[in-house]
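Here's a quick briefing to read alongside the model. Have the sequence and the 3D view open while you go through it.

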Amino acid sequence: MQFLYNLILVLHFVGLASLLGGFIVQMKSADKGVNPAMWHGALTQLVTGVLLVGIAESGSLEDEPLDMTKISVKLLIVLVITVLAFIGRKKQPPQVPLWGIIGALTLVNVIIAVFW
Ligand code: HEM
């Protein structure tokens with residue numbers, strides 16, 4: 001089970017790379033918006049995050065128990081990101097506010113994951 005958990009954690013990092021990379025790559029563009037990398041990255045974070053919690057809570061790992069307050073805040077933020085990415089993905093760019101809020105919330109989730 002530890003192997004599966006680690007594998008999903010790797011996918012969690014791939015999702016982060018996609019979401020944040022899709023945001024950063026548009027930094028200098030005039031047509032900022034929600035690109036497929038951001039949309040798919042948001043979905044990947046949601047799915048892999050929930051799977052990680054499911055495995056950890058099944059009691060089959062030797063790790064310390066998860067901080068459920070931290071997880072709940074991350075889940076809430078990713079739900080907002082996913083809704084915004086869903087709204088923005090079909091819209092014609094520029095969608096600067098959507099792009100900016102999604103990028104900022106992604107960074108907030110990284111900071112929560114590392115510092116909390
Ligand atoms: C944009 C969304 C997200 C970002 C950027 C993100 C980022 C991260 C990062 C950087 C780590 C590694 C940190 C470490 O292991 O110390 C991590 C681990 C983890 N994340 Fe996320 N995450 C996101 C969404 C979620 C969601 C929605 C959930 C659960 C519902 C979740 C659950 C977890 C779990 C269980 C771990 C394993 C390590 C731990 O926190 O103890 N993540 N995440």
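**Loops, metal site and cores**

Leaving aside residues up to four places away in sequence, Met 27 touches Lys 32 and Trp 99, where contact means heavy atoms within 4.5 Å. This is a predicted model, in which local features need pLDDT of at least 70, side-chain atom pairs count only at pLDDT 80 or more, and totals for chains, interfaces and linings use all residues. Residues are numbered from 1 along each chain as its sequence is written, and side-chain values use heavy atoms, with hydrogens and water left out.

**Around Met 27**

- Met 27 sits in the loop between helix 1 and helix 2; helices here are DSSP runs (H or I, at least four residues), numbered from the N terminus.
- Its relative accessibility is 43%, so Met 27 counts as partly exposed (buried is under 20% relative accessible area, exposed over 50%, partly exposed in between, using a 1.4 Å probe and protein chains only).
- Met 27 and Ile 81 are 54 residues apart along the chain, and their C-alpha atoms are separated by 18 Å.

**The iron site**

- His 12 (NE2) and Lys 74 (NZ) are the protein donors of the ligand's iron atom, 2.0 to 2.1 Å from it. Donors are N, O and S atoms within 2.8 Å of the metal (3.2 Å for Na, K and Ca); water is not among the atoms, so sites may look incomplete.
- His 12 is in helix 1 (residues 2–24) and Lys 74 is in helix 3 (residues 68–89), so this pair ties together parts that are 62 residues apart in sequence.
- The site is octahedral, with angles of 83 to 178 degrees among the six donor atoms of the iron. For six donors, that label needs opposite donors over 155 degrees apart and all others between 65 and 115.
- For reference, ideal angles for six octahedral donors are 90 or 180 degrees.
- His 12 has 14% relative accessibility, so it counts as buried.

**The rest of the ligand's surroundings**

- The ligand is surrounded by 22 residues, and the closest are Tyr 5, His 12, Gln 45, Lys 74 and Asn 109; a residue qualifies if one of its heavy atoms lies within 4 Å.
- In the side chain of Lys 70, an N or O atom is 3.5 Å from an oxygen atom of the ligand.

**Nonpolar cores**

- The largest nonpolar core has 15 residues, and those touching the most other members are Leu 19, Phe 23, Val 34, Met 38, Ile 81, Ala 85 and Ile 102. A nonpolar core is a set of buried Ala, Val, Leu, Ile, Met, Phe, Trp, Tyr and Cys residues joined through side-chain atoms within 4.5 Å.
- At least two residues of this core come from each of helix 1, helix 2 (36–57), helix 3 and helix 4 (96–115).
- A second, separate core has five residues, including Ile 8, Leu 52, Ile 55 and Leu 61.
- Thr 106, found in helix 4, is buried at 4% relative accessible area.
- Not counting residues up to four places away in sequence, Thr 106 touches Leu 16, Leu 19, Leu 20 and Ile 81.

- Met 1 lies in the segment before helix 1 and is exposed, with a relative accessible area of 53%.
- Beyond residues up to four places away in sequence, Met 1 touches Ile 55, Ser 60 and Leu 61.
- Pro 93 and Pro 94 are joined by a cis peptide bond, with omega about 5 degrees; Pro 94 is in the loop between helix 3 and helix 4.

Terms used. Four donors count as tetrahedral if all angles lie between 85 and 135 degrees; four count as square planar and six as octahedral if opposite donors are over 155 degrees apart and all others between 65 and 115; anything else is irregular. A polar contact is a pair of N or O atoms within 3.5 Å; within protein, one must be able to donate a hydrogen and the other to accept it, and residues adjacent in sequence count only if both atoms are side-chain atoms.
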